[in-house]
Amino acid sequence: MSTINVVKIGGNVIDNSEALQCFLRDFAALEGPKILVHGGGKEATRMSARLGIEANMIDGRRVTDRQTLDIVTMVYAGLINKRITAMLQALGCNAIGMTGADGNMIPATHRSPKPIDYGFVGDIDPSNVNDELLSTLLGKGMVPVFCAICHDGKGSLLNCNADSVASAVALGACKAGEVRLTYCFEKAGVMRDINDESSVIPHIDESDFMKLKESGVIAAGMIPKIHNALESAKSGVKEVRICKSESLLSDSGTIITK
């Protein structure tokens, strides 16, 4: 099988219909087997507000009680996932929208309530990804589109981090061929100055990551994103890139290596 592209889309792109349409057009144009993973946290927060339920975030991560689990499942697995799937079908891309529960594709474990109880939040072991089913779908020319809702194997859905889902799926796909993992969002890459797109850092390895984190250049939600990228590079993904959604078909952005 030729190089498999695993692409994660998130940030403000999901909320902007024009930007999302442009991104999906580029994604559909990628040659060879491909997989899409999407976020959608801002839309889930808006839905929570409409229903009179306040979103509770700790260190950028959503606390998921039972009501919130229902909301994120409706938004991620329903509204956003099926909207993206339909848009890809219109572009001639034979997409199949999925959660981690479908086909037992991505089992997860309920995160320990200590030191912080995040509720129905899951952690993923990439070795548990159903790589056989993933290979079958790719071999049939299907394009899996994953949201970040997984399951614990005991009947409960779990809200997982979309970057972690992308990393796990990329590692699962490694058994079917060479994999390129790309994280797309509204920024040009990892930047030294968040307000200056000319300050993109072209390459980051583990040593660079530690220094940039200590200096505060890399902070908040970018920390788990790069951590996932590094783990993917260490575990067999050929290339990991963080870039602007408009740059999917180019080589710009930040390359992460082990």
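Start with the lining of the largest pocket: 18 of its residues are nonpolar, 13 polar and 12 charged. Here Ala, Val, Leu, Ile, Met, Phe, Trp, Tyr, Cys and Pro count as nonpolar, Asp, Glu, Lys and Arg as charged, and the others, Gly among them, as polar. This is a predicted model, in which local features need pLDDT of at least 70 and side-chain atom pairs count only at pLDDT 80 or more, while totals for chains, interfaces and linings use all residues. Residues are numbered from 1 along each chain as its sequence is written, and side-chain values use heavy atoms, with hydrogens and water left out.

**Stop 1: the largest pocket**

The largest pocket holds about 1,200 Å³ of space. Select K8, G60, N161, D163 and G221: of the 43 lining residues, these are the closest to the pocket's centre. Now colour α2 (41-50), β4 (61-62), α5 and α7 (222-235), the elements that give two or more residues to this lining.

A pocket is found on a 1 Å grid over the protein atoms alone, as an open set of points where a 1.4 Å probe fits, with protein on both sides within 12 Å along at least five of seven lines; lining residues have an atom within 4 Å of a point. Grid points are joined across faces, edges and corners, and the volume is the space filled by probe spheres set on the points. Helices (H or I, at least four residues) and strands (E, at least two) are DSSP runs, numbered from the N terminus.

**Stop 2: the second largest pocket**

About 330 Å³ of space lies in the second largest pocket. Select D123, I124, S164, H227 and N228, the closest to its centre among 16 lining residues. β7 (122-123), α5 and α7 each give two or more residues to this lining. The lining divides into 6 nonpolar, 6 polar and 4 charged residues.

**Stop 3: helix α5**

Select residues 162-173, which form helix α5. Does this helix sit buried or exposed? Of its 12 residues, 11 are buried, so α5 is largely enclosed by the rest of the structure. Buried means under 20% relative accessible area, exposed over 50%, and partly exposed in between (1.4 Å probe, protein chains only). The buried residues include A162, V165, A166 and A173.

Check the helix length next. At 1.5 Å a residue, α5 should span 16 Å, and its end C-alpha atoms are 16 Å apart, which agrees. The expected span is 1.5 Å times one less than the number of residues.

Go to the N-terminal end of α5. N161 caps it, with a side-chain oxygen 2.9 Å from the backbone nitrogen of D163. D163 lies in α5 and is buried, at 7% relative accessibility.

**Stop 4**

Select N159, in strand β10 (residues 157-159). N159 is buried, with a relative accessible area of 7%. Which side chain does N159 meet in a polar contact? The partner is T64, at 3.1 Å. A polar contact is a pair of N or O atoms within 3.5 Å; within protein, one must be able to donate a hydrogen and the other to accept it, and residues adjacent in sequence count only if both atoms are side-chain atoms.

Move to M222, in helix α7. M222 counts as buried, at 16% relative accessibility. Show V190 too: 32 residues separate M222 and V190 in sequence, and 8.1 Å separates their C-alpha atoms.

**Stop 5: strand β14**

Pick I255, in strand β14 (residues 254-256). I255 is partly exposed, at 22% relative accessibility. Its C-alpha atom is 8.8 Å from that of G189, 66 residues away along the chain.

**Stop 6: backbone exceptions**

Most residues other than glycine have a negative phi, and most peptide bonds are trans. Select K114 and P115, joined by a cis peptide bond with omega about 5°. P115 is in the loop between β6 (109-110) and β7.

Then select N104, in the loop between β5 (95-98) and β6. Phi of N104 is positive, near 50°. N104 is partly exposed, with a relative accessible area of 40%.

**Stop 7: the cysteines**

How many disulfides does the structure hold? It holds 0. A disulfide is a pair of cysteine sulfur atoms within 2.5 Å. Select C147 and C150: the sulfur of C147 has its closest cysteine sulfur in C150, at 7.5 Å, too far for a bond. C147 is buried, at 0% relative accessibility. Finish with C243 and C184: the sulfur of C243 is 3.8 Å from the closest cysteine sulfur, in C184, also too far for a bond. C243 is buried, with a relative accessible area of 0%.
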